[in-house]
Structure formats: C-alpha cells, structure tokens
Amino acid sequence: MFFDTALSTNDLIFLARGAGMTLIVTAISVFFGTVMGIVFGVFRYQVGPWWAAPLTFVLDIFRSIPLLIQLVLANAFVTTVLGWRVSGFTVACGVLSLYTAAYCAEIVRGGIEAVPPTLRRAARSLGMSWGQDMTSVVMPLAARIALPSWIGLALGVMKDSALVYVVQVVELLKSAQILITRLQEPLFLLIVCGSFYFLISFPIARFGGYLERKWSRD
Amino acid sequence: MIEIENVRKSFGALEVLKGIDLTVAKGEVLTVIGGSGSGKSTLLTCINGLEPIDQGRILVDGTEVHAKSTNLNQLRRRIGIVFQQYNAFPHLTVLENVMLAQRKVLGRPKAEAEAEAVRQLNHVGLGDKLKVYPSRLSGGQQQRMAIARALAMSPDYMLFDEVTSALDPQLVGEVLDTLRLLASEGMTMICVTHEMKFAREVSDRVAFFHQGVMAEIAPPAQLFEAPQNADLRKFLAATH
C-alpha cells in the first residue's frame, strides 16, 4: 500500500503548505498568547485574587469553553454582529492567542509564586526597584520553573490549531482531509499528516529539553 | 547616624516593637541580642524600609525612612543588609550576583562593576569562586558572597540579621571573621546575633531586646559582667 499510492508531489506540497499554515497560526498565537499571558499573570499575582477576579473570570471562560465553539462564536460575532471584514485567519489567530494567554497566565503566576519571597526581599534591599527585581531576578527564575509547562502549552496549541478549519483556514489536518476525500487513502494520508505534526513538534520539545539541561547546570 | 525615635510596630494584634529609642553613631558597631520574638530582627527590616512602622520615626543621616517623599531605592543603596537566609540569586554566578545591583541600581559600567565585585569577593575570601554558581558553594561561602554583594554597593551602614544562624557550626567562624574584618575597618554596623562571644569582642555597645522593648544597652564589658535587667540576667544564664 505504501508504495502504491496516488499521492503526487503536488499533493505533498499541498500538505506542506497546510503544515506551514499550522506553523504560522501556532507561532503567532503562542507569541501573542505568551506576551499577554505574562502581562495577565504578573497582574494577577501583583493585585491579588480580589482585584484580579474580573480578569480571572474572563480567562476562565477561555479555558473552559471548547476551542471549536469559541472559534465559531467569535467568527460569527466579529463578522456578523460587529460587521468587521476580517479574514478567518485573523479570527483564528485572535481566538487562539487569547486561549493561549488564558493558560499561560496561570503558568506565569505559578512561576512567580515559586520564587522565594526572601530572594525578592534581598533584591529590593540592594536598592533594586520593583521592575528591576521583576526583570533581573523574578522573571529569569520563574521562566526556569515554568518552562516545562510552557512547552507543553505550545505543543498543545499547535495540535489544537487543527480546529481553525471551522473559520475556513486550511491548515495541515484540513489539507489532509481534502486529500483523503479525493484520493480515498485515509490511513496512509493520516500517517503522512501525523509525521508532519511530529516534524514540527519534535524540535520544540527538544529545544525545551535543551534549555532545561542548560539551566539546571546553574 | 541612625536615629530611632519611639518606634512602634505591630503584626496584627501582636506588638513586636513597643517604643524603641536608639541612636547609632557613624563608625559604631552595635550588636543586638535577645530571645526569638523580641523584635530585634524586625527593627533591622524597619531601618531600611522593608517593613512599615506604626508610630515614631527612623532617620538615616537625617532622611526619614518612612516619609512618603523618601525614595527608598535610593536610601537602600546606603544601607546594606544581610539576612539569615543567604539569598544568592541562583541563576547568576558569584561574580554576576555581586555585579547585578551595581549595574542596575548604581548604573556602574560593566568593567567598573566587575572590578569592584572582584575586589569585594577577594576581600571575603571568594576570589577563586568568581565563575561558580551559588549552588556549588557551602552555606558559609554563600553568606560571605551575600556580604560582598551588599558591600559592593559602597554602603555607609551594614545591617546583619542573624547571619550565622542558618549555618553549620563549623562554618560560623569564617563568616564571623568577615564581620570582624569589617568592624576593624570602621564600618558602621548593627548586628543581630546569638553569638555572645562575637558580640563581646567586636561591639562598641550591646543592646538587649526583650518582648519588643530595649531592656538594656551598654558597652559589652558592662552588659555582660554587670547586667542590670532581670530578664537579661536570665537570658545570659540560659545562653551560657
């Protein structure tokens, strides 16, 4: 079966394009999601549970409603209710970014909380400001603590990005489905598609492992 | 000069400082002794503004520490403090630990900060550990690094909060030697300590704190040989 396929070079390129789309959507969402997640996480830690309650509630919504529903509703809201003329790609990146930010905020908050308060007191007593303490002491240490969870989140978002087909973005899995419909070779195509996912994920996971080893030498 | 005037401080319902009056002159070495919960450590963290106070005031060279207009980050450059926990920044090498605040707070150029860090680390006997991460150091070495880190800011005052309490007994000596060296160089120091022999040797005056009150203050010979306060006599009997 493997050597007797109708899959052409053009089809492979088509799949690679889908993989490229998956990579772009993931990269954009993880980048903006992480930036927002750091801001939200620091905010939640800094103002305490009471004042952060409204933000926590909103983030909880993004964490608890299935991504598929979020995408469909957000798309309908933005295009029909607000009447904005935005592409499915933009909606997909927006929703996935917020989804990532919601999880990332928790990871960041946990990382900050794990930095010993006595260490921060030492930094402040050397005359360092809140911002200097944050950037030079807290963030580097929190990053080490949060890294494994963050890598897990990034890989999760990459796989979850398969759902953006509902807003007409043709990414890797959708590309595979299109080919399956045409070629009627589901198992083979899913193996190829899965390999593409693996090719994208593996370097990210290895990079995380590399950073962990590097930092643990301290 | 550090002037402490009628300072009161409570944690919730617990009053830990019940009106402390104390003046420490430039160049003086004051040690503070007393049982746990006597308020002696709290006083140190109030002096550099880490803890707010409820009443009274603390002046450092005439600057009121807890005044709203006081820039604490600026004030803290002049007051070094070393804690019981070593608080080494684990992601930085020994050298980087001592350079960080010099670069960020004082804005010293890299070469200058490094030269000063090397000088201070040599001073506390860590000249051969510059590129090492703190996790590879013993407790005593980490504590000496913390002292070098505070000294690199060129402070006018040094506060030591039970700096040997977390150390294994055989490591206490090396840290106390560093403090002795500092005292002999004329640094103004307030040391909260449980090391009576050390207090007796290096202090110009010794203060005894008991339940939030400074029960007695005197030169060491007088305080240890002829204690006036009944609680102090009990304390000294228990520690010998």
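Q: Which residues of chain A does the UniProt annotation "transmembrane region" cover?

A: The model is predicted: local features need pLDDT of at least 70 and side-chain atom pairs count only at pLDDT 80 or more, while totals for chains, interfaces and linings use all residues. Residues are numbered from 1 along each chain as its sequence is written, and chains are lettered from A and ligands numbered from 1 in the order in which they are written. UniProt positions are given in this numbering, with feature names shortened, and annotations may be inferred rather than shown by experiment. According to the unreviewed UniProt entry, the annotation covers residues 20-43, 55-78 and 186-207 of chain A.

Q: How much helix and how much strand is there over residues 186-207 of chain A?

A: Helices (H or I, at least four residues) and strands (E, at least two) are taken as DSSP runs and numbered from the N terminus. Residues 186-207 of chain A are 100% helix and 0% strand, with 32 Å between the end C-alpha atoms. For residues 55-78 of chain A, the span is 92% helix and 0% strand, and its end C-alpha atoms lie 21 Å apart.

Q: What does the secondary structure of chain A come to?

A: Chain A has eight helices and zero strands, which read along the sequence as α-α-α-α-α-α-α-α. The C-alpha trace of chain A spans about 70 × 50 × 25 Å along its principal axes. Burial is judged by counting other C-beta atoms, placed from the backbone, within 10 Å of a residue's own: 20 or more make it buried, 12 or fewer exposed, and a count in between partly exposed. By that count, 36% of the 218 residues of chain A are buried. Contacts, in turn, require C-beta atoms, placed from the backbone, to lie within 7 Å; among those in chain A with a separation of 6 or more, residues 24 or more positions apart account for 79%.

Q: How many helices and strands does the secondary structure of chain B come to?

A: Chain B has nine helices and 10 strands, and its C-alpha trace spans about 55 × 45 × 30 Å along the principal axes. The radius of gyration, taken over C-alpha atoms, can be set against a globule rule of 2.2 Å times the number of residues to the power 0.38. For 240 residues a compact globule would have a value near 18 Å, and the 18 Å of chain B agrees with this. Of these 240 residues, 46% count as buried, and 62% of the contacts in chain B between residues at least 6 apart in sequence join residues at least 24 apart.

Q: What is the order of the strands in the open sheet of chain B?

A: Two strands pair if DSSP finds at least two bridges between them. The open sheet of chain B has six strands in the order 6-7-8-3-9-10, with mixed pairing. Strand 6 (79-82) and strand 10 (213-218) stand at its edges with a single partner strand each, so one side of each is left without a neighbour in the sheet.

Q: Are the faces of strand 3 of chain B covered or uncovered?

A: Both faces are covered, with B:Val29, B:Thr31 and B:Ile33 buried on one side and B:Leu30, B:Val32 and B:Gly34 buried on the other. Strand 3 (residues 29-34) pairs with strand 8 (residues 188-192) of chain B in the parallel sense over four bridges; B:Val29 stands opposite B:Met189, and B:Thr31 stands opposite B:Cys191. Strand 3 also runs parallel to strand 9 (residues 205-210) of chain B, to which five bridges join it, and there the bridge partner of B:Val32 is B:Ala207.

Q: How many residues of chain B are in contact with chain A?

A: In chain B, 20 residues are in contact with 17 residues of chain A. Helix 2 (72-78) and helix 3 (94-104) of chain B each supply at least two residues of the side that touches chain A. For classes, Ala, Val, Leu, Ile, Met, Phe, Trp, Tyr, Cys and Pro count as nonpolar, Asp, Glu, Lys and Arg as charged, and the others, Gly among them, as polar. On that basis, this side of chain B has 10 nonpolar, six polar and four charged residues.

Key:
Two residues are in contact if their C-beta atoms, placed from the backbone, lie within 7 Å.
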